[in-house]
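This briefing is arranged by topic and is meant to be read alongside the sequence and the model.

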Amino acid sequence: SQLLNSQLQDKNARILDVGTGTGLVGCELAELGYTQIDGIDYSAEMLAEARQTGVYQQLIEADLTRPLPLADQHYTALICIGTFTHGHVDAQCLDELFRLLQPGGLFVTAIRKTYWQPAGFAAKVAQLTDAGIIETLVKQEDSNYADSSKAESWFLVWRKRQVK
């Protein structure tokens with residue numbers, strides 16, 4: 001949430017919390033002043049908990065490995081913390097997620113290092129970058145560890161490039 005906040009000044013930006021879970025990220029975003037937050041998760045039970053927070057405009061139950069029931073370029077920013085750290089979803093979902101993002105929009109995520117290569121993130125990010133679809137603005141190790149060999153995740157900020 002802090003990483004998104006450092007990159008996105010518009011507090012009225014439409015944000016999608018990908019893999020909402022119980023709504024912790026949405027609560028953090030609301031505390032930072034963001035007002036237009038939607039959430040998407042596979043679990044109806046998790047979404048029921050997230051609904052209790054009162055910070056989401058809309059909560060969508062959907063499978064990230066399938067086409068999503070949302071309009072093209074609907075969001076200014078996507079944030080996905082937790083979903084790519086536990087191995088729930090692999091990199092194939094990125095095409096569909098970037099479809100939802102406006103040109104110039106930001107995607108903030110954390111991806112477990114041990115998951116980066118085997119789940120296809122290294123290859124997919126290279127493909128999307130080479131195709132001119134995204135650029136990586138930030139790639140940093142989990143800052144909770146002074147010793148980077150213990151850092152478990154990459155924290156990334158991608159920007160969807162303007163379509164030529």
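**Aspartate 17 and its surroundings**

Aspartate 17 touches Val25, Gly26, Asp38, Gly39, Ile40, Tyr56 and Ile79, not counting residues up to four places away in sequence; contact means heavy atoms within 4.5 Å. The model is predicted: local features need pLDDT of at least 70, side-chain atom pairs count only at pLDDT 80 or more, and totals for chains, interfaces and linings use all residues. Residues are numbered from 1 along each chain as its sequence is written, and side-chain values use heavy atoms, with hydrogens and water left out.

- Aspartate 17 lies in strand S1; helices (H or I, at least four residues) and strands (E, at least two) are DSSP runs, numbered from the N terminus.
- Aspartate 17 is buried yet has no salt bridge, and arginine 51, the nearest side chain of opposite charge, is 13 Å away.
- Buried means under 20% relative accessible area, exposed over 50%, and partly exposed in between (1.4 Å probe, protein chains only).
- A salt bridge is a side-chain nitrogen of Lys or Arg within 4 Å of a carboxyl oxygen of Asp or Glu.
- For charge, Lys and Arg count as positive and Asp and Glu as negative, while His and the chain ends are not counted.

- Val25, Gly26 and Leu29 are the buried residues of helix H2 (residues 24–31).
- Seen down the axis of H2, these buried residues fall within an arc of 100°, so they line one face of the helix; the arc is that of the directions from the helix axis to the C-beta atoms.
- Exposed residues Leu24 and Glu31 are carried on the face of H2 turned away from its buried side.
- Helix H1 (2–7) and strands S1 (14–18), S2 (36–41) and S4 (75–80) are what the buried residues of H2 pack against.
- Glycine 23 is placed in the loop between S1 and H2 and is buried, with a relative accessible area of 1%.
- Leaving aside neighbours within four places in sequence, glycine 23 is in contact with Ala50, Thr53 and Tyr56.
- Just after H2, glycine 33 takes a positive phi of about 105°.

**The sheet**

- An open sheet of seven strands has the order S3-S2-S1-S4-S5-S7-S6, with mixed pairing; two strands pair if DSSP finds at least two bridges between them.
- Strand S3 (58–61) and strand S6 (134–141) are the edge strands, each pairing on one side only.
- Neighbouring strands of this sheet are turned by 15° against each other on average, direction ignored.
- S4 and strand S5 (residues 101–112) run parallel and are joined by five bridges; alanine 77 stands opposite leucine 106 in S5.
- Helix H6 (residues 121–130) lies across S5, S6 and strand S7 (153–160), running at about 145° to S6.
- Axes are lines fitted to C-alpha atoms, for helices over the stretch in contact, and angles run from 0 to 180 degrees between N-to-C directions.

**Salt bridges**

- Seven salt bridges are found in a search of the whole structure.
- Arginine 14 and aspartate 38 meet in a salt bridge through their side chains (3.3 Å, N to O).
- Arginine 14 lies in strand S1 and aspartate 38 in strand S2, so this pair ties together parts that are 24 residues apart in sequence.
- Arginine 14 counts as partly exposed at 28% relative accessibility, whereas aspartate 38 counts as buried at 2%.
- Glutamate 141 forms a salt bridge with lysine 113, with the closest N and O atoms 2.6 Å apart.
- Asp72, Glu96 and Arg99 are linked in a network of salt bridges.
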